[in-house]
Amino acid sequence: MKFTRPRGTSDILPEQQKYWNYVLDTAKNTANKFGFQSIETPTFEDTNLFKRGVGEGTDVVMKEMYSFNDLGGDSITLRPEGTASVCRAYIENGMKNQPQPQKYFYNASMFRYERPQAGRLREHHQFGCEIIGDENPEYDAEIIQLGWKYIKNLGLRSVKLKINTLGDSKTREKYLRDLSNYYKQFIHKLPKIDSVRLARSPLRLLDSKEAVTKELSSDAPKSVDYLSEESKIHWERLISLLNKFAENNEDFHYEIDNKLVRGLDYYNRTVFEFIPKNSGTQGTILGGGRYDPLIEMLGGTPTPGIGFGSGIERMIIELKKQKVEIPGNQTIDVVIIHMGEVLEELWGLISDLRDNGLSTVFAPNRSMKSQMRYANNINAKIAIIVGPDEISKESVNIKDLSSTGSQKEVNLESDVIIRYIENIL
RNA sequence: GUGGGUGUAGUGUAGUGGUUAACACGUCUGGUUGUGGCCCAGAAGAUCGAGGGUUCGAGUCCCUCCAUCCACCCCA
């Protein structure tokens, strides 16, 4: 084979489209219910936007970015995530002059140079939502509820919500110091990977998979115990709002997980993740958190924000796994079966059928039997059969392709035909 | 980036080192004049992931590369 798709990318074939349409329609409808509006930003941005926003020390920036110099010599990067771009757009377009907070959603390709495996691609799609311009915990609760509703509306079950708070930047410093000092006591016991990680990002040790580290982590300092007064109030308020929400939504559950960390630098306070039970290692289906420092880091006036990203491909994997019923693909209403040189006589009719909302195709120019088989194979509902006989009588034969198979001859007049067909459908 | 598994028509599979690589589904064509689904018959479709090597002989054994899957890592 001469050409194959680049590693870690995928072709989304027609038969898969029903999943995509279903997920995206559900996403959009749910977000609209919460007052979110669609936003789109460029596929590539100035490399520095991500270095600054996502964080120079993160894996995403250090080794996963698709960066290149364009012909003008500027360093460009295919976006690895959505939030930095949306915040850039917010700043650049003066959105702080709109009513606050602003609520956006987007669906876009994300690019990360990673080793592909199931649920992890080099190009993947994310549906994301952001609330920018208000730091109150009501919005934390709202965005989490939106995430939950979205998953719920898709028909997924057994999805676990984990939440945690990382505190704000001031208290985080002290927490990180204590946390890293805690692990340092056991430095000789730590596995290699984790002793390396300790220097770079001590938070990561909390969700380490190494048995030794796991055990140590259970007694490690918790970020909840380091919260400033404001952050503590924020956190408690969020919890109480979630409890309130649970009263009206019996199957809404959350689990506070002090070991939950997220890989991007801009998160503070609330972080959360939705994970299907029994999912593999690439399980997270939706994840996000608060990023109050981000806009200022990008050069805007200090403006708080919170949001999430959710992988469409992972969502579809889960829908298939749980065998959720998905509305079917595009169907064909009418197939024109034509014998002899009559197709031209029907050209106007075909156009009229389409104009009246009936999806219509003509069968390929083959034997009649073959044309009927074609009609059957594409799951068409109605066949309009025309040959020289019908043309001379100025009529057509209309056959119902459902189980009845009944057939009737009607005049070759678009109005009459359309009325007759609409009656059957 | 690290470790392991896998790689045979469009898809899913079979194939003790030995003639023209098999089966199912799908596609196409027929099964008397212009009627689908079921059934029957036939056809097309694979340089056995790529390139080297061992051998009289390789889909089968060895090496390299590529892709894919699993775990690490990371994250959606």
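A polar contact is a pair of N or O atoms within 3.5 Å; within protein, one atom must be able to donate a hydrogen and the other to accept it, and residues adjacent in sequence count only if both atoms are side-chain atoms. The model shown is predicted: local features need pLDDT of at least 70, side-chain atom pairs count only at pLDDT 80 or more, and totals for chains, interfaces and linings use all residues. Residues are numbered from 1 along each chain as its sequence is written, chains are lettered from A and ligands numbered from 1 in the order in which they are written, and side-chain values use heavy atoms, with hydrogens and water left out.

**View 1. Arg172 and the backbone of Tyr267.** A polar side-chain atom of Arg172 lies 2.7 Å from the backbone oxygen of Tyr267. Arg172 belongs to helix 6 (residues 169-184); helices (H or I, at least four residues) and strands (E, at least two) are DSSP runs, numbered from the N terminus. Arg172 counts as buried because its relative accessibility is 16%. The classes are buried, under 20% relative accessible area, exposed, over 50%, and partly exposed in between (1.4 Å probe, protein chains only). Leaving out residues up to four places away in sequence, Arg172 touches Leu166, Leu203, Asp265 and Tyr267; contact means heavy atoms within 4.5 Å.

**View 2. The protein surface around RNA strand B.** There are 47 residues around RNA strand B. A residue is near a molecule or strand if one of its heavy atoms lies within 4 Å of it. Ala118, Gly263, Thr284, Asp389 and Leu401 come nearest. Of the atoms of RNA strand B that come within 4 Å of the protein, 55% belong to sugar and phosphate. Strand 6 (123-132), strand 10 (286-290), strand 11 (305-311), helix 13 (368-377) and helix 14 (388-393) each give this surface at least two residues. Helix 13 has the largest share, with seven residues. By class, the surface holds nine nonpolar, 20 polar and 18 charged residues. Here Ala, Val, Leu, Ile, Met, Phe, Trp, Tyr, Cys and Pro count as nonpolar, Asp, Glu, Lys and Arg as charged, and the others, Gly among them, as polar.

View 3. Helix 5 (137-154) and strand 7 (159-165) are the elements that give two or more residues to its lining. The lining has 15 residues, and Trp148, Arg157, Ser158, Val159 and Asp251 lie nearest the centre. Six of the lining residues are nonpolar, three polar and six charged. On a 1 Å grid over the protein atoms alone, a pocket is an open set of points where a 1.4 Å probe fits, with protein on both sides within 12 Å along at least five of seven lines; lining residues have an atom within 4 Å of a point.

**View 4. Helix 11 and its packing.** Helix 11 (residues 312-321) has the buried residues Ile312, Glu313, Met315, Ile316, Glu318 and Leu319. They pack against helix 1 (17-33), strand 5 (102-111), strand 6, helix 5, strand 9 (268-276) and strand 11.

**View 5. Asp140 in helix 5.** Asp140 lies in helix 5. Asp140 is buried, because its relative accessible area is 0%. Beyond its neighbours within four places in sequence, Asp140 is in contact with Glu135, His234, Leu238, Thr270, Arg290 and Ile306.

**View 6. Lys33 in helix 1.** Lys33 is part of helix 1. Lys33 counts as exposed, at 71% relative accessibility. Its C-alpha atom is 8.9 Å from that of Leu146, 113 residues apart along the chain.

View 7. Gln100 and Pro101 are joined by a cis peptide bond, with omega about -5°. Pro101 sits in the loop between helix 4 (83-92) and strand 5. Lys323, a residue other than glycine, has a positive phi, near 55°. Lys323 is in the loop between helix 11 and strand 12 (334-338) and is exposed, with a relative accessible area of 70%. Glu394, also other than glycine, has a positive phi near 50°. Its loop runs between helix 14 and strand 15 (395-400). Glu394 is exposed, with a relative accessible area of 57%.
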